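Please examine the sequence and the coordinates alongside the points below.

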Amino acid sequence: MQETSGHLEREAGISLAWRAIAGRGPTVVWLGGFRSDMTGTKAQALADEALAAGRACLRFDYSGHGESGGAFTDGTIGSWRADALALIDRLTEGDLVLVGSSMGGWLACLCALARPDRVKGLVLVAPAADFPQALMVPEMTAADHAALARDGVWMRPSEYGAPYPIARRFLEESAGWTLLPGPVEIDLPVRILQGGADPDVPWRHALALAEALTSQDLVFSLVRDGDHRLSRPQDIARLLAFVDELCG
């Protein structure tokens, strides 16, 4: 058994990069975060675990991310949701367990709502539901709003490197996909792993999503000293334990 890779051609000639492992189900599908890619620590750990366990697994890059084509500033929550669903529909069969980190946690919920007959469980890491409107816009200054109105782009400061562009279209379009305050009609097992020291997604924001979900089989695990990435060995172990539990 080995991991294969390829590209799925989408609209406007955009090519989406993917890596997949054939194995027993349910298929574990990794949905990465905003500006991240499928080669990150958590995604690689899931792939390694799938290879060791003989489990089916799919990871991929949204348009404008990683090895996929397209411009980052052209992407929206709706377009990245569509990317995820296209890859799921074309490259997987049967039951799914979606594992989403940060923005990927939001997209995992949106995909579960779109494919309720296939998704059998969710594992969410620092889920950033509604983050453009709920977390980004409130931090904008008057100068930021002026730049967005003037240029159509806001260069948002980042703790992880240089400022990065946030397009006005992205902010406006995201309002159409909000989940909170709920209720969010997802009635399947959900496991949430959240850092108590997360500077990007406050734990109370993730808890609000947990409270909005209608699932009665939901575990919210707060790692008091955990950051946003939750990529330390002990964090990865917790993530894999949740995945193993839901995959059975």
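The largest cavity has a volume of about 30 Å³, and the structure holds 1 cavity of 30 Å³ or more. On a 1 Å grid over the protein atoms alone, a cavity is a set of points where a 1.4 Å probe fits but cannot get out, whereas a pocket is an open set with protein on both sides within 12 Å along at least five of seven lines; lining residues have an atom within 4 Å of a point. Grid points are joined across faces, edges and corners, and a volume is the space filled by probe spheres set on the points.

The model is predicted: local features need pLDDT of at least 70 and side-chain atom pairs count only at pLDDT 80 or more, while totals for chains, interfaces and linings use all residues. Residues are numbered from 1 along each chain as its sequence is written, and side-chain values use heavy atoms, with hydrogens and water left out.

**Cavity and pocket**

- The lining of the largest cavity consists of F34, F72, T73, G75, W80, P165, I166, A167 and F170.
- Strand β8 gives the most to this cavity lining, with 3 residues; helices (H or I, at least four residues) and strands (E, at least two) are DSSP runs, numbered from the N terminus.
- The largest pocket contains about 940 Å³ of space.
- Of the 34 residues that line the largest pocket, F34, S102, Y160, D200 and H228 lie nearest its centre.
- At least two residues of the pocket lining come from each of α1 (41-53), α4 (131-136), β7 (153-158) and β8 (161-167), and the largest share, 4 residues, comes from β7.

**Nonpolar cores**

- A nonpolar core is a set of buried Ala, Val, Leu, Ile, Met, Phe, Trp, Tyr and Cys residues joined through side-chain atoms within 4.5 Å; buried means under 20% relative accessible area, exposed over 50%, and partly exposed in between (1.4 Å probe, protein chains only).
- The largest core has 55 residues, among which L31, F34, L98, L122, F131 and F170 touch the most other members; its largest share, 8 residues, comes from α3.
- Not counting residues up to four places away in sequence, F34 touches H65, F72, W80, M103, F131, M136, Y164, I166 and F170, where contact means heavy atoms within 4.5 Å.
- A second, separate core of 19 residues includes V28, I236, L240 and V243.

**Helix α3**

- Because 10 of its 12 residues are buried, α3 is largely enclosed by the rest of the structure.
- The buried residues of α3 are M103, G104, G105, W106, L107, A108, C109, L110, C111 and A112.
- Helix α3 (residues 103-114) should span 16 Å, and its end C-alpha atoms are 17 Å apart, which agrees; the expected span is 1.5 Å times one less than the number of residues.

**Cysteines**

- The structure holds 0 disulfides, a disulfide being a pair of cysteine sulfur atoms within 2.5 Å.
- C109 is in no disulfide, and the nearest cysteine sulfur, that of C111, is 9.5 Å away; C109 is buried, with a relative accessible area of 0%.
- C247 is likewise in no disulfide, with the nearest cysteine sulfur, that of C57, 9.1 Å away; C247 counts as buried at 10% relative accessibility.

**Loop residue G66**

- G66 is found in the loop between β4 (55-60) and α2 (77-91) and counts as exposed, at 54% relative accessibility.
- Leaving aside neighbours within four places in sequence, G66 is in contact with D37 and D61.
- G66 and A17 are 49 residues apart along the chain, and their C-alpha atoms are separated by 8.1 Å.
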